[in-house]
Each structure stands twice: as structure tokens, then as C-alpha cells.
Amino acid sequence: MAEVLETTIEEQTGIRKVYDAMIGSLQSKPNTADLEQMERAFKMANFSHRYQRRKSGEPYIYHPIAVARICAEEIGLGPTAICAALLHDVVEDTPVSLDDIRAEFGEAIALMVGGLTKLDSAYANESQQAANFKKVLSTLIIDVRIVLIKMADRLHNMRTIRSMPEHKQFKIAAETSYIYAPLAHRLGLYNFRSEFLDLCMKVLEREEYDEVARKLQETKAARENYIERFIAPLRERLDELNYEYRIYGRPKSIYSIYNKLKKKQVPFEQIYDLFAVRIVVDVPVNKEKLACWACYSVVTDVYQGVPERLKDWVTIPKSNGYESLHTTVAGPDARFVEVQIRSERMNEIAERGFAAHWKYKGVSNQPDVYEQWFDSVRDILDDPNSDTVQFLGDFRDNAFFNEEVYVWTPDGDMKSLPKGATALDFAFSIHTDVGFHCQSVLVDERIVPLSYRLKNGDRLKVVTNKQQRPNEGWLKLVTTGKAKAKIRQALKAERKEKGELGKEALLRKLKNLHINDVPAAIEQLSRHHTEGSHVDLFYNIAQELISIAQVLGPFIVENGKLVPKAIQLPEETKHPLVDARKRNPANKEKGHSKLLINGEPGDQFEYSMATCCNPVQGDQVFAYLTANAGLKIHRSVCPNAQNLMANYGYRIMKADWVSTTESSFVVNLKLTGLDSGKGVIERISHEIAEMDLNIRSFSIDGTDGFFEAKISVLVKNKDQLYLAIQGLKNLDHISTVSRIEE
Ligand code: MN
């Protein structure tokens, strides 16, 4: 047990300083009453956290103060939210109750603190994390400031993540990139999103992050010089417009640069897209549009524009409220440069998102994009039966879209939907009932399939039929979270109805067997057969997909209870990890382990490499305890793993490579290049043989003189993989080589 130390007087001096600095960072000067209330919130938090310390050893109270400061400085929230931020961990971590807070600070602040308190672990179901997040989202409708404080809390935890054990870092980083980054984007908190993704990359792809950061640093002077050269002639012409304005170069985030490197498959030196130039004009709202286009005119007079790269979110903002005019021009040395043009108001909205939007509410005549979005979140939250993991997926689909299409209803109303949305999504966006009874959709008077992907400017009409009902296949035809949630809800209701007969039959049987606790027995059976879904169990029985005898087969009845036939494990081995501790004959044969799992030799466990990401020795990895296939080893960047970690963090174990292994690993590579006629396969296989690698499979596809090949090879470790990729890249006629996930 670590010794618990109360904060010392010296520490209190430091704490007071940091608190005062936080108050100083408030956007507008607080009045006496506000100051007094924040002081009381601070005192309560400071006192109740006095025995707690963070992992780094510093007093815990630094965390809530830091969160409050992010709220004040980076989001621009006011005194009430600051009080809630200061108190946000009090109910969860100290003896203070929500009632105490209500008595002291009133309903509004208690409501916020309540929203920020994690669900009691008594609610623990399969995914505690998902349940907690669902709770956070439901507060969106009560008071958006709660979610904003939650974002500040997460940002501070991410900024200080290094003080946590590594496997916990993975879990938190995965959850952040899976949920919080898209949510930040949806709330228009662009800076939060970039910082989240950069901090996640620092954890999940450390080497790659350091590499990009180093190169950015090395090329900094040259880049600044170029930006100056680019801006100088623009300044002269912009001055003539007689607007107050700022023009500056802005580096892009490490994460976005790295993604471009991966996507475009070019070396760092050839990426010109490392920065954007921003022009911010200070004009009244009614002059904004004119001013932005005047600047655009100047920019394209000086430099040649690339018309297809013009994006106008000034006329129609993005659905998360973003307003800006983007264009790309050919600058000096024929390098492409992105220029972003916006007003000070638009800039504040882009940086502060929702909070700034609130400030300008009603100032511009744009539709209230957040109201529309809240409606769609409300729709997903409405479904009382949706399980939380499903919900999270639906929410993500809904939150993640960056681009949208604009279509028209027959009445001439414009609607925006995420890019990729289908005709059926459109029907659901009108009304749930229109979706349910959608028979066909007309685009410009012509019937299109329900899977038709919407295009900008489409004029759509939905034909309904009372007889029509959603079916399983519809889930594949829609992409929006709302439509998916509604269809699933309808299908579930139908299954439930059809399952009634099965339910009756099973209840009769359990009664005959004199089972005492029938609900518990049903829970047990559905866990065994249908992953906990009662509806599915009853439905399968009703549809004769499984007989009652088969349902009860794996159990015997003892003292009015169902007991599994398999030998029961003794009490103390209840931890799930112990179940995985079956000696795996395959691992044992080799006589040594490739991995340490939670610091213990891996051959004690049943584990295998995940086939979705095929880790090789040297990759950053972790172990995930599956329900019935032992441990799976994933790469920390595996897209599946992110989902797993975000939802089932408690099943994550630490895994480290043992450096002296002789094992081989499967890796999938994708190659593209020019097909010079013949011999491509021979040359590639020759090269691989030269490198002493074994090919497991090889497939190649080609059209119009290009080819794309997929190769599975066996390698010993990451270094050998790196050499193999370099070797292949050096071959004539090969343009790209990349490691792929399936
Ligand atoms: Mn916190």
C-alpha cells in the first residue's frame, strides 16, 4: 500500500497559484458573485481531494484545475461550467455526494456534475466503457456544456497519459481515437480533434510519430522561408482591399501529415501539403461573404488556382457549423498551397466549435446546424433496447462524416446527409415512418434503387406503402446511424413478436423441471446460446432453429438450479485470464514463448496472432482476451483493436516480445507498379527468394499496364520486414509497397 499523504502547506501555495492563473484565463471578467462561487467550488474540491495524488505524485487537485483552465481558455466556457469542471471528479472519487453538491451549489451545477460522474460499477455490463459514453452523450440534450467539460477532461488525461502503465495508455488512446476525436470533430472542436489524434498516434505509433516530428523540425526553417515568399505578394494586394486582416502559415498536424504519407505513398520530402496559409478578415457579419470572395479574388489573381479544389463552406456551412473558403493554388516553384479564407467570427467557430457557435447564435442567418444534429442523436438515444456497443457504432457512423451531400425535397427544402447516404437513408431522414414504409424513391422523377447513393442537387421524392416493412437486407442499404438504429429496432420488435411462442414453450419446460429462479435460468441459457440475447433465444426456439432439448443439453438440474455439465472451476480461478491459462500444445512444442503476457511467459496461455493485423515481432502489440478463442495478439494500430479497446478495455493485457525467438510471422504486402509485359511475377518472387523469405501466397491483378499484387510472406521480425519492403521498392517498375491489414 502506498502511503497516503495529505497535501502540504507548501503544496497548497502552488495550488493556489495555479488556481489564480486559471481564473485569470477566463474570457470575460467574472463578477463578485461568480468569483465567490468558483472559490467555494475550488475549496470543496481541494478539500475533498486532499488525500489523493496523481500517478506522477502531484496532488490530485491539479487535474480538476487544469480541466477548468482548458474549459476557460480553449473552449471559452463561463463561471458555472468552471464550477462544474472543478467539481467533476468529486462525487466519483471522494465521500462528497451529489446531494451535497446540490445543497451547496444548486440544481444547475449538480446536474452537470452528475452528468460527469461515471456510472456506478454496479451497472457493469459487458461494456462499461460504452455505457459510460452513452451516458455522456445523453447529457448532450440536457446541457451541452457537460460534454464540453468531458472533452476538456479527456484532453488533460491525454496530455498527461505518459504517467500511466503502457497497456492502459493503449486502452485510453484507442477509446480517444474511436470516440472522442470524432465527437470533437462533430462539435466543431477542430483543435481538440487534431490534438487528440496526435496524442493517440504518439502512444499507438510512437516510432512513426517521432520520425515525422523530427523531419518537420529539420525542415522548419526552409518552410517558414517559403511561406514568407508566398505571403509577401499577397500582402501588397490585400492591403488595397482596406480590410483589417491577418495572414499566416499554419503547420498541419503530425497525424494528418502521416496519413497523407501513407495514402500517397511518397517520401516526406515530396509532401508539399505540410502547411496551409490562412487569411482571417475582421469585418461585420453582413460583409463577411463579400470580403471572403474579395480575398479569394486577390489570391487567384496572384497565383494560378486549382478550380476543383475550391470548397465553399461560406455559402453553405458544414453540418458541424464550420464556415470557411478553401482553395488550392500553385505557389512559387510550382508547389501547391492550400489557402483558407474566413472572417474572425468564422475562425472562432472553427477553433472553439460549439461554444463559439452559441455566442454567435442568431447573429448570422445560417440554419442552426447543431439543433439538427442533436435531433439525430436524440433519435439514436431514443431506442431503449439498443445495446450499448451497437449504439456506439451507430453514433460513430453518425458523428464521423466529414463531407455531406445536399439534396432537395419536393417542397424545395434543402437537406444535408453524410456523403455515401442512400435513397433509403433519405426516406428515414424525412421521418421514421416514411422510412419504415418506403416502397420506392424517385430522383428527378425517375425510380432509383433504395441503395442509390445521393448526389449533390438531387431532387428526391419518397413513395410509401402501408404494407411495406423493414427487413434484414435493409441494414445493408443504409449508412446513417439513425436509419440503422430504427431498422434494427423494428426488426427486434418483429423477432420479439415471433419469439413469443418459443418463450412460452421454454417457460413451460423450466416449470416442469422445478427451476426456482426462472429469470436467472433464462439469463444463463441465453448467455450460453445467444450471447445474452433473450429475444434471439426465444426466436430461435419458435423458428425451430434449436430444440428445447438442445437448449438444455449442456446443463443438468441440481436443487432447482441449472448447472453446466462441464467441470466447474474452483472459486479462486474466476478471473477470465485464468481461463486462458490452458497450456497450448502448439506453443509448448516449440519450448519457448514469443511473448510475455502481463510479464509472464506467454506459453502458459492459449494465444494466437490476430489475422486482421498480423503482428510481427517488434510491432507494438497488446493481448486481447476473446470470449472463446483464448488471447489474440493485435497490433496497437489495428482498426479492429481500436473498437475492442474502446468497448472492452478490461480485457486488454500487456504483451511484450521476447527478443530471442526463432518464430516466423505472416505479413501481407500490397505492391503496385507498371506491368512491363512479362516477368513481373518472376522478378518479384526472385527478389523475395534472394532475401531469404518464404512466400505463402501470391496473387496479381492487372489492367492497362498497371498491376496490383498481394503477397503473404513469412518474416522473423519488424527489421526483416522493413528490409523486405525496401528491397521490393527498389525493384524497377514497382511504384509502391505497403503492409496491409485485411
Ligand atoms: Mn477527470
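Biologist: What should I know about the model before we start?
Modeller: It is a predicted model, in which local features need pLDDT of at least 70 and side-chain atom pairs count only at pLDDT 80 or more, while totals for chains, interfaces and linings use all residues. Residues are numbered from 1 along each chain as its sequence is written, and side-chain values use heavy atoms, with hydrogens and water left out.

Biologist: Which residues coordinate the manganese ion?
Modeller: His63 (NE2), His88 (NE2), Asp89 (OD) and Asp153 (OD) coordinate the manganese ion at 2.3 to 2.4 Å. Donors here are N, O and S atoms within 2.8 Å of the metal (3.2 Å for Na, K and Ca); water is not among the atoms, so sites may look incomplete.

Biologist: And what spacing do the donors follow along the chain?
Modeller: The donors of the manganese ion follow H-x24-H-D-x63-D. His63 lies in helix α3 (residues 62–75) and Asp153 in helix α9 (residues 144–159), so this pair ties together parts that are 90 residues apart in sequence. Helices (H or I, at least four residues) and strands (E, at least two) are DSSP runs, numbered from the N terminus.

Biologist: Are His63 and Asp153 buried or exposed?
Modeller: Both His63 and Asp153 are buried. Buried means under 20% relative accessible area, exposed over 50%, and partly exposed in between, with a 1.4 Å probe and protein chains only.

Biologist: Turning to the largest nonpolar core, which residues touch the most other members?
Modeller: Leu87, Ile101, Ile149 and Met151 do, in a core of 81 residues. Helix α10 (residues 166–186) gives the most to this core, with ten residues. A nonpolar core is a set of buried Ala, Val, Leu, Ile, Met, Phe, Trp, Tyr and Cys residues joined through side-chain atoms within 4.5 Å.

Biologist: What is Ile101 in contact with?
Modeller: Leaving aside neighbours within four places in sequence, Ile101 is in contact (heavy atoms within 4.5 Å) with Met44, Leu87, Val90, Val91, Val96, Gly106, Ile109, Ala110 and Val113. There is also a second, separate core of 38 residues, which includes Ile231, Ile254, Val298 and Val314.

Biologist: Which residues of α11 are buried?
Modeller: They are Tyr190, Phe192, Phe196, Leu197, Asp198, Leu199, Cys200, Met201, Val203 and Leu204.

Biologist: New topic: how many salt bridges are there in the whole structure?
Modeller: A search finds 33, each being a side-chain nitrogen of Lys or Arg within 4 Å of a carboxyl oxygen of Asp or Glu. One of them joins Glu11 and Arg53, with the closest N and O atoms 3.0 Å apart. Glu11 is in helix α1 (residues 9–24) and Arg53 in the loop between α2 (32–48) and α3, 42 residues apart.

Biologist: Where do Glu218 and Arg214 lie?
Modeller: Both lie in helix α12 (residues 206–218), four residues apart, about one turn of the helix. Glu218 counts as exposed at 55% relative accessibility, and Arg214 as partly exposed at 42%.

Biologist: What does Arg246 pair with?
Modeller: Arg246 forms a salt bridge with Glu344, the closest N and O atoms being 3.0 Å apart. This pair links strand β1 (residues 244–251) with helix α16 (residues 344–352), the two residues being 98 residues apart.

Biologist: And which residues are linked in a network of salt bridges?
Modeller: Arg16, Asp20, Glu39 and Lys43 are linked in that way.
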